[in-house]
Amino acid sequence: MTTTDLYETHEYDVVIVGAGGAGLRAAIESRAKGLSTAVVTKSLLGKAHTVMAEGGVAAALGNVYEEDNWKTHFRDTMRGGKMLNNWRMAQLHAQESADRVRELEEWGALFDRTKDGLILQRDFGGHRYARLAHIGDRTGLELIRTLQQKAVADGIEVFMETKVLRLVQDTDGVVSGVVAYRRPTGEFVVFKAKSVILATGGVGKSWMYTSNSWEGTGDGHAMALWAGADLIDMECVQFHPTGMVWPLSVRGILVTEGVRGDGGVLRNSEGQRFMFDYIPPMFQAETADSEDEADRWYDDHTAGRRPPELLPRDEVARSINSEVKAGRGSPHGGVFLDIASRRSAEDIRRRLPSMYHQFKELAGVDITAEPMEVGPTCHYIMGGVRVEADTTQTTRAGLFAAGEVAGGMHGSNRLGGNSLSDLIVFGRRAGIGASEYAEGRSGNFTLDEGQITGAIEAALAPFARESGENPYEIHQDLQATMQSLVGIIRTGPELEEALVKIEELEDRATRIAVKGGQQYNPGWNLTTDLPAMLTVSKCTALGALERKESRGGQTRDDYPKPDPEMGKVNFVERISSSEVEIGAGGNPSVRSITVTPEPIPQMPDELRALLEEAV
Amino acid sequence: MSMSSEETTSRAPDATAPQARPESQGEVVMNLWRGDAEGGEFVEYVMPAQEGEVVLDVIHRVQATAAPDLACRWNCKAGKCGSCSAEINGKPSLMCMTRMDTLPVGEPVTVAPMRAFPIIRDLVTDVSYNYEVAKRIPAFTPRPKTNDEMKVGGYRMAQIDVERSQEMRKCIECFLCQDVCHVIRDHEENKTAYAGPRFFARSAELEMHPLDTIDRREILQQEQGLGKCNITKCCTEVCPEHIKITDNAIIPLKERVVDASYDPIAWLGRKIRRRVKGTVAEAAAAAPAQGPAAVQPPPPAAPAHGIPAPDGFAPVAAQPDSQD
Ligand SMILES: Cc1cc2nc3c(=O)[nH]c(=O)nc-3n(C[C@H](O)[C@H](O)[C@H](O)COP(=O)(O)OP(=O)(O)OC[C@H]3O[C@@H](n4cnc5c(N)ncnc54)[C@H](O)[C@@H]3O)c2cc1C
Ligand code: SF4
Ligand code: SF4
Ligand code: FES
């Protein structure tokens, strides 16, 4: 370690930004290859957003339905993503997730068991077979704790509560480190590395009602873009159909899809199971058309077709939205999710313990006796940093990305359970990709000093302003803008309005005055989050405006159908190559972001054939 | 593709669009600890009351208006990450799971940082002690797979055999149990030789893990201070995950440590036999004189970082633990 007046410097072979499932899995792999590895995370170890995941991790283990295999998992993933997926990522994911899940068990994870003592799997939307390995409804906790304990045992260094502000390149433009600040002290720190992996998670905190933790501010997406990497399909944002709606203070907190997988059904204010009215043609052949048939399916998947409550999330979220609009919603603007009348109280408490507590403690509702009120909540971004499937390398040398921050794997809509599996499959691949890159690189490179001091000066600037904007107000205004103008149903004029508002908010963000000192100052931290939030919001709105169709997580009221031509392209966002304006936090302005349609990679015929197989 | 025709023709407001905040219902008075390692004081903030809020919501409103630099740690606001631990009206609790309407109406709400750990700033403490203890626990070391397991790919374990460890693995590492445990709460010097309830639960989880092969008893006794725990059960009382730390982790561990007197053969025998014989906790429950009533915790010493306890609050460590 070396120290200057302004910052200290640490050197590693591989530096990983993010300690969620993807970051920790990557670190374990790169450490196993014998490389010096550090993980940098803006919260404490074990607290990353991954800890919140509930329902399970998808993998074709075939423990419950022997018929299941990677090919079916691949097919389901592609269909769920409305074919916008990067086929190679979907293939690798389907092929490797089972091994990655079993590996967790070798590292100490204790999944729920089948009668034969193997890992139990549960049903989830869009998956043809019961496929989600789980531990009650706290699968993310098990995943992160297992990886955390393995990382600690392997001696991986973790820099906790250290927030990365910007990527740093060497004098040749290769990404070679990051500049960060330590939250507890407010001191700056630079990590120099032969390769950098982004595993920073999602973007949900730009919306008002979201299931995401405070970490979901899109830092990795924005930092990659600022450093010259491409983002794809940022308009594809998943609104999970079932978030809590009441009390208002908990609005958006997730209600796991496991409730529906385990027998819960959706009803409107008239008591009707309305999902039967919303079965789209693409899924008609495999979805039950009567309550009787649907109910038979839970016990035996050959006795009937699957219930419409388990359609992919985009379909269910839009249907709930329509019911509420038609005046058949619940008292607080959602619909009813009923498991009380369908399963015994004991079963509910055993299979869904954290849902039981969440409603009991936060809403005063006993889910074994009454229905829950639920409605859509901003949950996951399918779009993200453009990566090469096998190595996770971005379009920028030295930079890799895995987990929610990477784009392509899920197309326009992610199936439940496919994120946790994505984290361990591509986390490992990122560890390998970044290690190989690091091994091929000599240590003799020099960081671009101007980028480091530039980032530090920009971070400190708001302290110098006597008076100015309040970062919390800008954040609230951004959330209101995104919620009402770039929400689940979008229109051209509203998106244009959003773009204007985002630019205004950026102007305000350049005038923030921060009160207090550098030590553990949340107002200051939020100030450093805002440039990223504004950047990803702009990308989402811009992509949504350009993708003139409805597909998965992008629904345009003015273009209600999928357009086959649009289904052949990714919308690619990057910083304009001409004159770059500077915006908030000294980073490229949202005004410098451009969007271009580019063809999606073409799938080989043998994989295409899998998709066409009869149901 | 899946839109109903109604949606294509008329556009009504998005069901997820923001709604107005509900009418405020009176006021709440918050007494929040402000300060750092050097010292500090409780500062009063008066906020409009709102229906259904938790303590963390009110703190967020204080940050957004009166005190933008008020330090407070949180991540999920859903009781899942264990970041937002503090002492609310003196009781170690999660700020995001404590509803305002469960606290006495009309009285100020006092929020202080966890007392057992050094203060960084305001409500944020330095919990690195816990991460250091975690590093010293011998890692999970599984037995090899059988031939059958090699064939099916994964280990075979019965649900009933994983449930004991699963209970411990619910832990969200909020460290509230560590905070309340008088062995370290009142005796900083014990920290070097005491793992604390969270990590007793971790060791118990590994001990009961059907695949693990390591004997941790000597370390528990010699280095982790298992003997210093006098089963006051305060840890169990504050655990937001309702883990029965004392009954299901600590007592069985104590039993094993004493009972087998480090005889590796007997220990192995227990590991294998317990499945047939029922759980260790059942055995422990049957054992006499292990109950909490048998032990009285020592009186608490002065708070580690000098924050006065709010009026009328009896420190948790001194409370008799009747419920369990
Ligand atoms: C409530 C909920 C339930 C879910 N349930 C499921 C489920 O059942 N199954 C499933 O498959 N998926 C589920 N998901 C989705 C899944 O949990 C996430 O997509 C996934 O955990 C993301 O993991 P990650 O490793 O990419 O990033 P995260 O876990 O989000 O971690 C991001 C990491 O990056 C760090 N970081 C970010 N920015 C910076 C910065 N600037 N500097 C330093 N560090 C930084 C953070 O501190 C954190 O450590 C759920 C999501 C939610 C919200
Ligand atoms: S039972 Fe009491 S002494 Fe023992 S670990 Fe728990 S709080 Fe500490
Ligand atoms: S055992 Fe309970 S109280 Fe202790 S850290 Fe874990 S969740 Fe918190
Ligand atoms: S913020 Fe995660 S437990 Fe309270």
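Visitor: Which helices of chain B each supply at least two residues of the shell around ligand 3?

Guide: In this predicted model, helix 6 (176-180) and helix 8 (197-207) of chain B each do that. Helix 8 of chain B gives the most, with three residues.

Visitor: And how many residues surround ligand 3?

Guide: A shell residue is one whose C-beta atom, placed from the backbone, lies within 6 Å of the molecule. For ligand 3 that gives 17 residues, and the closest are Cys171(B), Cys174(B), Cys177(B), Arg198(B) and Cys239(B).

Visitor: How does the shell around ligand 3 divide by class?

Guide: Cys counts as nonpolar here, and Arg as charged. With that in mind, ligand 3 has 13 nonpolar, one polar and three charged residues around it.

Visitor: On to ligand 2, then. Which residues are the closest there?

Guide: Cys181(B), Pro197(B), Cys229(B), Thr232(B) and Cys235(B) are the closest, out of 13 that surround ligand 2. Helix 10 (234-238) and helix 11 (245-259) of chain B each put at least two residues into this shell. By class, you get nine nonpolar, three polar and one charged.

Visitor: What about ligand 1? Which elements supply at least two residues each to its shell?

Guide: Switch to chain A for this one. The elements are helix 1 (21-32), helix 4 (139-153), strand 8 (162-169), helix 5 (219-226), strand 15 (372-381) and helix 12 (418-439). Helix 12 of chain A has the largest share, four residues. In total, 45 residues surround ligand 1, the closest being Gly18(A), Gly20(A), His49(A), Gly201(A) and Gly403(A).

Visitor: How do the residues of that shell divide?

Guide: Remember that Gly goes in with the polar residues. The shell around ligand 1 has 24 polar, 15 nonpolar and six charged residues.

Visitor: Back to chain B. Why is helix 5 of chain B described as largely enclosed?

Guide: The idea is to count neighbours: a residue is buried if 20 or more other C-beta atoms lie within 10 Å of its own. In helix 5 (residues 159-169) of chain B, eight of the eleven residues are buried, so this helix is largely enclosed by the rest of the structure. Among those buried are Asp161(B), Arg164(B), Glu167(B) and Arg169(B), and those four belong to the charged class. Val162(B) and Met168(B) are also buried.

Visitor: What is the buried share for chain B overall?

Guide: Of its 324 residues, 47% are buried. Chain B has 13 helices and seven strands. As for contacts between residues at least 6 apart in sequence, 68% of those in chain B join residues at least 24 apart.

Note on methods
Residues numbered from 1 in each chain as written. Chains lettered and ligands numbered in written order. Predicted model: local features only at pLDDT ≥ 70, side-chain atom pairs only at ≥ 80, totals over all residues. Buried ≥ 20, exposed ≤ 12 C-beta atoms within 10 Å, placed from the backbone. Contact = placed C-beta atoms within 7 Å.
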